[in-house]
Amino acid sequence: MRMVLPISEMEQAAPYMDRRVLEHIGDGQTEAFEGFESFDLLAFDWYDVHSARSQSAQMLLYLDREDLFIFCEDDAALARAQAIVTELEQDEMDHQRLLYSFFHRLLRGDMDHLDQMEDRISDGETRLLEGKLTGECLEQIVAWRRELLRLKRYYEQLDAIFDQLAVNDNGLLDRQTVRRFSNLGNRTERFLGSIQNLREAVAQLREAYQSQLAIQQNDLMKLFTLVTVVFLPLTLLAGWYGMNFVNMPELHWRYGYPAVAIVGLVIAVGLVWYFKRKKWL
């Protein structure tokens, strides 16, 4: 017997399952893999890596020697599982082969998704190194970190399931199927390795963003400092002659105002020339 059902309708398959299953699930004891003498119970949070959907949905699979049941938490997961099983049932295969093919189809194209994500991260790094900082840069980096964390959790669950199925303690799977699940485990480990590399790249990207931001802030502070240095002598002149003491000869000198203006201009030009010579401007 094979069925793909919502989790809320699990009781429809109850007559065909071991009586301990519903009790086990009802007690909230379901983990990534639960192996019993006569059946296996697999649970993982399915994540659609090929869509903009960020929400995960639990999939629960029951396998014994005669039955294979797939229970899904929401409509998206149910539609995905039904599409895969309907496609696979066109080829006559036993439950073991269908279980393997189900996971194989579920992972189809995931490496391409990771490669595309790597290209986007690489492009982001190039833009940062070129100094093209925008308000969206940090938001994109945070979005990549969240996406990679979701992918990491997703593949860790699948990797644990494949490892346990490859062990095959209860003997439900034949040797060929065990080998196939071992290969799937190797694939998910490669996925996890790629994700770890991408997480490190995003971490470096965030550091590069912070460095570029710090450089821009330093350049701005440097500009403000130089402007302050240029106007400081002029402020001193203004304050000096603004005291209007009686015995200041420049107050009554005919050319006092032009002389002070020329002195201020010479000071400003001289400072700007000096800063450019030192390559501070």
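# Buried Residues, Contacts and Spaces

Visitor: Is Arg 105 buried or exposed?

Guide: This is a predicted model. Arg 105 has a relative accessible area of 18%, and the cut-off for a buried residue is under 20%. Arg 105 therefore counts as buried.

Visitor: With which residue does Arg 105 form a salt bridge?

Guide: The structure holds three salt bridges. In the one that involves Arg 105, the closest N and O atoms are 2.8 Å apart. Arg 105 belongs to helix α3, whereas its partner lies in helix α2 (residues 75–88), 18 residues away, so that distant parts of the chain are linked. The partner, partly exposed at 39% relative accessibility, is Glu 87.

Visitor: Which helix holds both Glu 147 and Arg 150?

Guide: Glu 147 and Arg 150 form a salt bridge whose closest N and O atoms are 3.3 Å apart. Glu 147 is buried, with a relative accessible area of 12%, while Arg 150 is partly exposed at 29%. The two residues are three apart, about one turn of the helix. The helix, covering residues 135–167, is α5.

Visitor: How far apart are the closest N and O atoms of the salt bridge between Lys 152 and Glu 156?

Guide: Both residues belong to helix α5, and because they are four residues apart, about one helical turn separates them. Lys 152 is partly exposed, with a relative accessible area of 22%, and Glu 156 is partly exposed at 35%. Their closest N and O atoms are separated by 2.8 Å.

Visitor: Why is the pair formed by the rings of Tyr 100 and Phe 181 given its name, and what is that name?

Guide: A search of the whole structure finds 11 aromatic pairs. In this one, the ring centres of Tyr 100 and Phe 181 are 6.0 Å apart and the planes stand at 90 degrees. Planes over 60 degrees apart meet the cut-off, so the pair is edge-to-face.

Visitor: In which helices do Tyr 100 and Phe 181 lie?

Guide: The pair links distant parts of the chain, its residues being 81 apart. Tyr 100 counts as buried at 15% relative accessibility, and Phe 181 is buried at 0%. Tyr 100 lies in the helix of residues 95–106, and the two helices are, in turn, α3 and α6.

Visitor: What kind of pair do the rings of Tyr 154 and Tyr 155 form?

Guide: Tyr 154 and Tyr 155 are both buried. Their ring centres are 5.1 Å apart and their planes meet at 45 degrees, so the pair is tilted.

Visitor: Which residues do ring pairs link into a cluster?

Guide: Tyr 100 and Phe 181, already described as an edge-to-face pair, both belong to the cluster. With them, ring pairs link Phe 44, Phe 102, Phe 103 and Phe 162.

Visitor: Why is strand β5 largely enclosed by the rest of the structure, and how many of its five residues are buried?

Guide: One side of β5 carries Leu 68, Ile 70 and Cys 72, and the other carries Phe 69 and Phe 71. Both faces are covered. The strand is largely enclosed because the number of buried residues, out of five, is five.

Visitor: What is the bridge partner of Met 3 in β5?

Guide: Strand β1 (residues 2–6) pairs with β5 in the parallel sense over five bridges, and four of the five residues of β1 are buried. On the β4 side (residues 57–64), the pairing with β5 is antiparallel, also over five bridges, and the two strands form a hairpin with three residues between them. Tyr 62 has Phe 69 as its bridge partner, and the partner of Met 3 in β5 is likewise Phe 69.

Visitor: Which element gives the largest share of the lining of the largest cavity?

Guide: The structure holds one cavity of 30 Å³ or more. Its lining consists of Arg 2, Met 3, Val 4, Leu 68, Ile 70, Val 85 and Leu 98, and β1 and β5 are the elements that give two or more residues to it. The lining divides into six nonpolar residues, no polar and one charged. The largest share, three residues, comes from β1.

Visitor: What is the volume of the largest pocket?

Guide: Residues lining the largest pocket include Leu 234, Tyr 241, Glu 250 and Tyr 257. Helices α6 (175–241) and α7 (256–277) each supply at least two residues of this lining, which divides into eight nonpolar, one polar and one charged. The volume of the pocket is about 190 Å³.

Note on methods
Residues are numbered from 1 along each chain as its sequence is written. This is a predicted model: local features need pLDDT of at least 70, side-chain atom pairs count only at pLDDT 80 or more; totals for chains, interfaces and linings use all residues. Side-chain values use heavy atoms; hydrogens and water are left out. On a 1 Å grid over the protein atoms alone, a cavity is a set of points where a 1.4 Å probe fits but cannot get out, and a pocket is an open set with protein on both sides within 12 Å along at least five of seven lines; lining residues have an atom within 4 Å of a point. Grid points are joined across faces, edges and corners, and a volume is the space filled by probe spheres set on the points. Ala, Val, Leu, Ile, Met, Phe, Trp, Tyr, Cys and Pro count as nonpolar, Asp, Glu, Lys and Arg as charged, and the others, Gly among them, as polar. Buried means under 20% relative accessible area, exposed over 50%, partly exposed in between (1.4 Å probe, protein chains only). Two strands pair if DSSP finds at least two bridges between them. Rings of Phe, Tyr and Trp (its six-membered ring) pair if their centres lie within 6.5 Å; planes under 30 degrees apart count as stacked, over 60 as edge-to-face and the rest as tilted. A salt bridge is a side-chain nitrogen of Lys or Arg within 4 Å of a carboxyl oxygen of Asp or Glu.
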